[in-house]
Amino acid sequence: MDFILQTKEVSKDFSGKLAVDHVSISVKKGDIYGFIGENGAGKTTLMRMICGLASPTNGEITLFGNRDLVSQRHKIGCSIENPALFPDMTAAENLETQRLLLGIKDKKVCMEILELIGLDDTGKMKTRNFSLGMKQRLMIGLALLGNPEFLVLDEPTNGLDPMGIRDVRDFLKYLNEEKGLTIFVSSHILGELEKIATRYGVISKGKLIDEFHADELAVRCGEALTIHANDIQKAEIVLKGMFPEVCCTRTSEDSFQIKGYVEQAGQVNKSLVEAGIMVKALIPEGDSLENYMLNLMGGKVDA
Ligand code: ATP
């Protein structure tokens, strides 16, 4: 297994207060790892330690399987705590300044990144006049200088409207799928990373309280589909043909329940009907993502 990042029992103590408390996480090559936690949970502090902007009080960090972090950090691109953009510079000038600071010789790289982040048509427009979404894109662009293999992004969707969030999400997915980047991205809202994260880590009050694969999210939220039909034996066979992993639990003489698959309810209905089964009801059950998060963090949950 290729691990890009592993932290073992990493802690950070600020004058007796543990901002990060014995956190062990692992990010595999190809992951988009969603790091979720409320404001002040310790996300930024852990990311700062990963990127070499702060040192752990305890624990161990391994990058690309190597404990010599200095030799590995050139493979990381990071954007943490809104890196300063020069407001009176254009996007191209901001990138060019950073290129010179990093000592990157290839001058073409700035134009390539401008195109990649979709800001190649911003010309002479000063960064101060950019929308928040454009600024977030430029910040990701700055992190891409140096051609990193691993991108560490602190709340890149913070403050964006739903369309801006979708844009950033799509862009991260593109970088992951088309450019092969492994991405570690934080947010205080689980839903903002839903659909793109392949794995999740949930942190609260400095402690890692859950870590799981994206496939487990629906089940974690208690999502389930109850199916009432005239021939449930045949219905179970059809479902197992569609989803080999599915587990069917009888709930009455004419109904059974499957964990997850709520989003596929339409497809389930269509396949059952096409197989000649009379579907009497399809009932989705479960919690919302946000309630699941609130539950985990000990917050108030809607009735
Ligand atoms: P947010 O989403 O609000 O940025 P976060 O999850 O990134 O939150 P951190 O910024 O890592 O959280 O902060 C974790 C805790 O550590 C907070 O209580 C914060 O006040 C504290 N903290 C962070 N940096 C320092 C510092 N340099 N000195 C003292 N305390 C700090």
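## Basis of the description

Because the model is predicted, local features need pLDDT of at least 70 and side-chain atom pairs count only at pLDDT 80 or more, while totals for chains, interfaces and linings use all residues. Residues are numbered from 1 along each chain as its sequence is written, and side-chain values use heavy atoms, with hydrogens and water left out.

## Around the ligand

The residues around the ligand, including Phe14, Lys17, Asn39, Lys43 and Glu155, are those with a heavy atom within 4 Å of it. This shell divides into three nonpolar, five polar and four charged residues, where Ala, Val, Leu, Ile, Met, Phe, Trp, Tyr, Cys and Pro count as nonpolar, Asp, Glu, Lys and Arg as charged, and the others, Gly among them, as polar. Strand E2 (17-28) and helix H1 (43-50) each supply at least two residues of the shell, and H1 gives the most, with three; helices (H or I, at least four residues) and strands (E, at least two) are DSSP runs, numbered from the N terminus.

An oxygen atom of the ligand is 3.2 Å from an N or O atom in the side chain of Asn39, whereas for Gly40 a backbone N or O atom lies 2.6 Å from a ligand oxygen, and for Gly42 the distance from a polar backbone atom to a ligand oxygen is 2.9 Å. Taken alone the ligand exposes 640 Å², of which the protein buries 58%, the areas coming from the Shrake-Rupley method with a 1.4 Å probe.

## The sheet of three strands

Strands E2, E1 and E4 form, in that order, an open sheet with antiparallel pairing, and two strands pair if DSSP finds at least two bridges between them. E2 and strand E4 (58-63) each have a single partner strand, so one side of each is left without a neighbour in the sheet.

Five bridges join strand E1 (residues 3-14) to E4, and Gln6 has Thr62 as its bridge partner in E4.

## The sheet of six strands

A second topic is the open sheet of six strands, which has mixed pairing and the order E5-E6-E7-E3-E8-E9. Strand E5 (76-79) and strand E9 (207-213) stand at its edges, each with a single partner strand, so one side of each lacks a neighbour in the sheet.

Strand E3 (residues 32-36) pairs with strand E8 (residues 199-204) in the parallel sense over four bridges, and Gly34 stands opposite Tyr200 in E8.

Notes
A polar contact is a pair of N or O atoms within 3.5 Å; within protein, one must be able to donate a hydrogen and the other to accept it, and residues adjacent in sequence count only if both atoms are side-chain atoms.
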